[in-house]
Amino acid sequence: MSTEDQKNLGLKNEDQQEPVISRRYFLAGTACLSVATAVSLSPLLNAEEVPSGDDFIQKHYKELSDEEKKEIFARLEARIDKQYGVSTSISDPQPMDGVEFAYVLNLGRCIGCRKCVYACMKENNQSRSPQKQYIRVLKMKKGTINLETSSHDYPEKEASSEDFFYMPVSCQQCREPKCIEVCPVKATWKEKDGIVVVDYNWCIGCRYCEAACPYHARRFNFAKPQLPAEELNPDMGYLSNRPRYMGVMEKCTFCLHKTRRGEYPACMEVCPTGARKFGNIRDPESEVRKIIEQERVFVLKQEVGTLPKFYYTFAK
Amino acid sequence: MNTGSPRFFSDLAKTVLVGNRTYTIWMLALIAVSMLGLNAFSRQLAHGLYTTGMGDEVSWGLYISNFAFLVGMAAAAVMMVIPAYVFKDEEIHKVVIFTELWAVAALIMCLLFVTADIGRPDRLWHMFPVIGVFNWPMSMLTWDVLVLNGYLFLNLYVCGYVLYKKYTGQKLVARHYVPIVFLAIAWAPLIHTITAFLFQGLGARPFWHSGLIAPRFLASAFSAGPAFIILVFKIMEHFKCCTIHEKVIAKIRVIVTVSLLVNLLLFGSELFTELYSGSEHSIHLSFLLGFHGESVLAPWIWSAVVLNIIAAIILLLPVRENPRFLNVACVMIVVGIWVEKGLGFVISGFIPTPLGDFVQYQPSLNELTVCFGIFAFGLLIYTALLKIAVPIINGQLCHRKNHN
Ligand code: SF4
Ligand code: SF4
């Protein structure tokens, strides 16, 4: 192009020499760059968790055949055996027909002792360091239900005080769960019995569900979960309490490995005051159904429209 | 004359690799910082996101903040493309490619920030359509993936087409790229609107749950983006890479001013609704502004507001004609909007948590290093692209010339 054209473009460039580049300079540059890249990547040698080839190509839970599931469970059992020296069996109980679980919690009885918090952690093999808890007990001044002035890390001696009431909050197993809508890879979904689960092998760890949950119910494994072998609960469900990976989401599953066998969830079993009731809301004879029909119950944050299956009541 | 394509790439490589001293030092510095970032990212991969300052309370931090900011910077290219192609402004048309290249660099940074934020980047393939499970149209994140990659592709195509044709000295055929330009014009506001929808669609977070978020995103982007472009043009002039017409700068300045004023208006309107009503909803904002106990964010957000207001005043007074003042105003806008959008918008949505817990967020050193690394890498790419584009547009780097 001529200088005339250049003027028309309104641009001028004073650095006009033809670029030259020597072979030596180029090779030396490439070598330096490769070494620098290798050094930069070196922390990967100490990676705390490296997915195996099988892990890497594993499909979404719902796309697995029974055969594939068997193989995967066996692989996980072997890995747990090797890592913790505990022999376990991973079960995969399916939702039962005509069953939808619901919870009722009597705030009039809860004394804020937080036994449920720790029973849950033990039952569900949560990381002990850093500690992950599904249940948060909020200590609230009598006369308000104001979350912003509540506290959850009150000292032990402030439990069962007359001036406060205590409100345990965990996953509300919503009928319209916002958490599953937002997941970009459908790694979390609602099962037929209403329990919202996470496929720990499919979650990509974007934490969008954590931002979308109105009850702060989801927990993310920012670090590799640490769990002493002697505290491992060997009764494991694939979609519930098997050990989790680094970088994935987890949450309360209503102890589905127990409840789908007809047992109660760990938090309810441990509660010393009987504040917790759990059962099948579709069964007209069940205790939860009767309470919901006969007593005055409410749900937390009704205005967000998630339709929780976790009810609260203030009874004697 | 052959097609010139093998020569095209080797010529480009040579142009990028050879430059004067300032250029070499600048590029080496960017490479060094990018490497530090890569090193920090490897550490994060090895030990998890625990190496960042994030936690279950503030579960998105600087990565997503920078992402939201940069999507805006990428979308803002459209504010130059519209006058160039729709209103046929000749002066802007000559330099519009530099802003389209900026969109490319900004989008690459966006994608890197998202990758850095994800807990399991090894599982990113789960999100690919067909081989993975793509929760479209339910999840806004899948929409965002589509529009961002689409916008990147459109801009790459337009830039690649224009540069290649100019290099080979062929005539640009309007129907081969102008329709794509118009598609990109429609697409640009989309990327930022959908990124806003990521947040404003969450009923769980009252701070984000407002219809004003998308318009505010656009207004702030359309002022920070062009302000940044003014600075780039000034720097290019300073280093005598090329001269930019005064008229171009003046026109961009108008765009910056109007957008900044709209942004301030929207911000003021939101401030009023939240604080005057004093409802529960306003707790995030009053915390952010420091009215509700100690907040590490408060000094930041107040400086951002002050920066934006001073910049607006400069741009409205006659001193705006003075290049020094204009530069200062542009820096203030870019910094102010980065703080407003990143720290002020993304992070305060998490404080307090939905259960009323006030947890502060402080990014870790490793996290900051990753951020700097990504910014350096983006600037590296942008500088390299400009290094190629300037001589081609000037007509100094072309196929014919190298052969005769
Ligand atoms: S409480 Fe949160 S995590 Fe549980 S189902 Fe509802 S939205 Fe999902
Ligand atoms: S963190 Fe996992 S489960 Fe949650 S939205 Fe992201 S991919 Fe889905």
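User: Which residue of β10(A) stands opposite Phe101(A)?

Analyst: Phe101(A) stands opposite Asn280(A). This is a predicted model, where local features need pLDDT of at least 70, side-chain atom pairs count only at pLDDT 80 or more, and totals for chains, interfaces and linings use all residues. Residues are numbered from 1 along each chain as its sequence is written, chains are lettered from A and ligands numbered from 1 in the order in which they are written, and side-chain values use heavy atoms, without hydrogens and water.

User: What makes β2(A) and β10(A) a pair?

Analyst: Strands (DSSP runs of E, at least two residues, numbered from the N terminus) pair if DSSP finds at least two bridges between them. Strand β2 (residues 101-106) of chain A and β10(A) have five, in the antiparallel sense, so they count as paired.

User: Why are β10 and β11 of chain A called edge strands?

Analyst: The open sheet has four strands in the order β10-β2-β12-β11 (chain A), with mixed pairing. β10 (276-280) and β11 (297-298) of chain A each pair on one side only.

User: Which residues come nearest to ligand 1?

Analyst: Of the 14 around ligand 1, these are Cys171(A), Gln172(A), Cys174(A), Cys179(A) and Cys213(A). A residue is near a molecule if one of its heavy atoms lies within 4 Å of it.

User: How do you know the classes in that shell around ligand 1?

Analyst: Ala, Val, Leu, Ile, Met, Phe, Trp, Tyr, Cys and Pro count as nonpolar, Asp, Glu, Lys and Arg as charged, and the others, Gly among them, as polar. The shell around ligand 1 divides into nine nonpolar, two polar and three charged residues.
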